[in-house]
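I set down here what I looked up in this structure, entry by entry. The sequence and the model come first.

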Amino acid sequence: MAKRLLALCRQAPYGNALAREGLEAVLAAAAMDQAADLLFLGDGVFQLLDDQRAEAIEQKNLRRNLQALPIFGVETVHICERSLLERGIDAGQLQIPGAGLKLIADTSRFIAGYDSVLSF
Amino acid sequence: MTLHIVSKSPYSSSALTDCIGSFAEGDALLLIEDGVYALSGPASEKITISPVYCLEADTDARGLSIPENIQAIDDARWVSLCTEHNPIVSWFK
Amino acid sequence: MRSIQVEDREIPLDKEGFLRNLGDWSPAVAEQLARAEGIELTEDHWQVIRLLQEFYREFELSPAMRPLVKYAGQHLGADKGRSIYLMQLFPPSPAKVASKIAGLPKPTNCL
């Protein structure tokens, strides 16, 4: 049986390199047929906001990169419901074309279902 | 069940808060490196979960005392905790 | 430093032959990069090159092999969304070779 792999995405997109490194790790794994699941948690949910114009700070647009997930075979993205609530983000505003978004209320139980968890 | 490892101070990082938000009955928390500052000051009151372990070398090095409800452990016990739990989540940063 | 000469311009390359400055790309540059790979560009090649540039505009990423195959299938039809088809056009490593010719950065997850 394949190991179930989860990537926790906990950082906002541009303040440090971890958000990008996490996504690159997931894409690299997916390209090797090791699709990981993603759980956006804490400030990581800021990665999902629409209409990011990263060129204003001369960075690559992380949100655009996220949109590549379905084509890499990651078709569901999990989001911590409480983290959205704490930050006043309406789940209805969020969307990634081609991917299903799933709100997770009980993150502890969700995490326990994986063999390996990477934190970014 | 999950072993949560926190290595950053609760006074500069959301690691401990995020971890506690994802802590289930039967899980365990291990504080290492600057994570042990959770045992000092108001942050210690946030730790209402158990069991909580801390790496004694890291509390010793930082001059912290260990509250009664926290178990001080050495590297060998850390390794055995890792073998007793799955998955292991490192809440660094 | 490696470079190629295209229409009297000196175009710098990295040690694997990717453009150092993505703004240097032009169809003439692509022809020459392809020749260095032993590939003579046909309309089928150009179709994939344009597809890769479209992929990059959409996702700001150079694709690895699997997503490239999937993307080609979605945009060029099932008969072209096959690794054997891309392999014939851009041997021996289509995602990497075609990205290079299309003037994209090296795929970061191209292990």
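Which residues of H1(A) are buried? I note that the model is a predicted one. Within H1(A), I found A:Ala19, A:Gly22, A:Leu23, A:Val26, A:Leu27, A:Ala30 and A:Ala31 to be buried.

Entry on packing. I next looked up what these buried residues of H1(A) pack against. Within chain A the partners are strand S1 (5-9), strand S2 (37-40) and H2. Chain C contributes helix H3 (65-76) to the packing.

Entry on the helix itself. I checked the span of H1(A), which has 14 residues. From its first C-alpha to its last H1(A) reaches 20 Å, close to the 20 Å expected at 1.5 Å a residue. Just after H1(A), I recorded a positive phi of about 70 degrees at A:Asp33.

Entry on chains A and C. I looked up the contacts between these chains and found 13 residues of chain A touching 12 residues of chain C. On the chain A side, helix H1 (18-31) and helix H2 (62-66) are the elements that give two or more residues. H1(A) supplies the largest share, 4 residues. Sorted by class, this side of chain A holds 6 nonpolar, 4 polar and 3 charged residues.

Entry on the core. I turned to the largest nonpolar core, which has 77 residues. The members that touch the most others are A:Cys9, A:Leu38, A:Phe40, B:Val6, B:Leu29, B:Leu31 and C:Ala98.

Conventions. Residues are numbered from 1 along each chain as its sequence is written. Chains are lettered from A and ligands numbered from 1 in the order in which they are written. This is a predicted model: local features need pLDDT of at least 70, side-chain atom pairs count only at pLDDT 80 or more; totals for chains, interfaces and linings use all residues. A nonpolar core is a set of buried Ala, Val, Leu, Ile, Met, Phe, Trp, Tyr and Cys residues joined through C-beta atoms within 7 Å. A residue is buried if 20 or more other C-beta atoms lie within 10 Å of its own, exposed if 12 or fewer, and partly exposed in between; C-beta atoms are placed from the backbone. Two residues are in contact if their C-beta atoms, placed from the backbone, lie within 7 Å. Ala, Val, Leu, Ile, Met, Phe, Trp, Tyr, Cys and Pro count as nonpolar, Asp, Glu, Lys and Arg as charged, and the others, Gly among them, as polar. The expected span of a helix is 1.5 Å times one less than its number of residues.
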